[in-house]
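I opened this model to go through its sheet, the helices across the sheet and the ring contacts. My entries follow.

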Amino acid sequence: MRVPSTLKPPLKTKRLALRALTSADAPRVAELAGDWDIARMTARIPHPYGMHAAEDWMETIADDEFVRAIDLDGELIGLIGYSKTDDGSGEIGYWIGRPWWGRGYATEAGSALVRHCFRIARLPRLTCCHFVDNPASRRVIEKLGFKESGRCSAYSEARQCDVDTLRYEMKRPLTARLWGRAA
């Protein structure tokens, strides 16, 4: 199984570690992402979602994608990452397994990813989106500091249809630009 070439030290937060995926993560990714309530709120996860789908997806993670397992005390509880867009920006995405909803883990992991994107990857801008029927993601995205930039529709593999979607963006702050020059 192919694993990402960016096997750098994990990003650490107060409670979490954002680490590179390994082939051993496939069963856990399949278990958590196979939950209908996870899959239906994402664009790319089909339903049902099993072990072979998780392995296939992990093998096709592109070089311009930065995907990390969200670990809590050594246990994978979700995924987070970004992919570069044609204009050099990054589009972030994440999901947290249902047993860990409502505990601030998505916001904590998202904050670490945003810092990484601006300070280390030095991306000029980030975008993200959520389906309109996902108020929990809206709260996370707003806590991270993203500003709504429009409405569109996106195809959901799990739902097998287009879903109304809200888009957000965040420009690299001046402080991150200055910090990047000093590094």
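I started at Ile70, which stands opposite Gly78 in S4. I worked on a predicted model, where local features need pLDDT of at least 70, side-chain atom pairs count only at pLDDT 80 or more, and totals for chains, interfaces and linings use all residues. Residues are numbered from 1 along each chain as its sequence is written, and side-chain values use heavy atoms, with hydrogens and water left out. S3 covers residues 65–72 and S4 covers residues 75–84; the two run antiparallel and are joined by eight bridges. I took strands (E, at least two residues) and helices (H or I, at least four) as DSSP runs, numbered from the N terminus. Two strands pair if DSSP finds at least two bridges between them.

Entry 2, the whole sheet. I read the order as S1-S2-S3-S4-S5-S6-S8-S7, an open sheet of eight strands with mixed pairing. S1 (11–12) and S7 (147–156) stand at the edges with a single partner strand each, so one side of each has no neighbour in the sheet.

I found S6 and S8 antiparallel, with seven bridges. Cys129 stands opposite Arg167 in S8. S7 and S8 also run antiparallel, joined by nine bridges. There, Glu148 stands opposite Tyr168 in S8. The hairpin of S7 and S8 has four residues between the strands, and Gln160 takes a positive phi near 60° in this hairpin.

I looked up what H4 (residues 105–120) lies across: S1, S2, S3, S4, S5, S6 and S8, at about 35° to S4. H5 (residues 135–143) lies across S5, S6, S7 and S8, at about 160° to S6. Contact means heavy atoms within 4.5 Å. Axes are lines fitted to C-alpha atoms, for helices over the stretch in contact, and angles run from 0 to 180 degrees between N-to-C directions.

How many aromatic pairs does the structure hold? I found one. Phe66 and Tyr82 are stacked, 5.3 Å centre to centre with 20° between the planes. Phe66 lies in S3 and Tyr82 in S4, so the pair ties together parts 16 residues apart in sequence. Ring centres must lie within 6.5 Å to pair, and planes under 30 degrees apart count as stacked. Phe66 is buried at 9% relative accessible area, and Tyr82 is buried at 8%. Buried means under 20% (1.4 Å probe, protein chains only). Arg68 lies over the face of Phe66, 4.0 Å from the ring centre. The test for this is CZ of Arg within 6 Å of the ring centre and within 35 degrees of the ring normal.

Terms used. Rings of Phe, Tyr and Trp (its six-membered ring) pair if their centres lie within 6.5 Å; planes under 30 degrees apart count as stacked, over 60 as edge-to-face and the rest as tilted. Buried means under 20% relative accessible area, exposed over 50%, partly exposed in between (1.4 Å probe, protein chains only).
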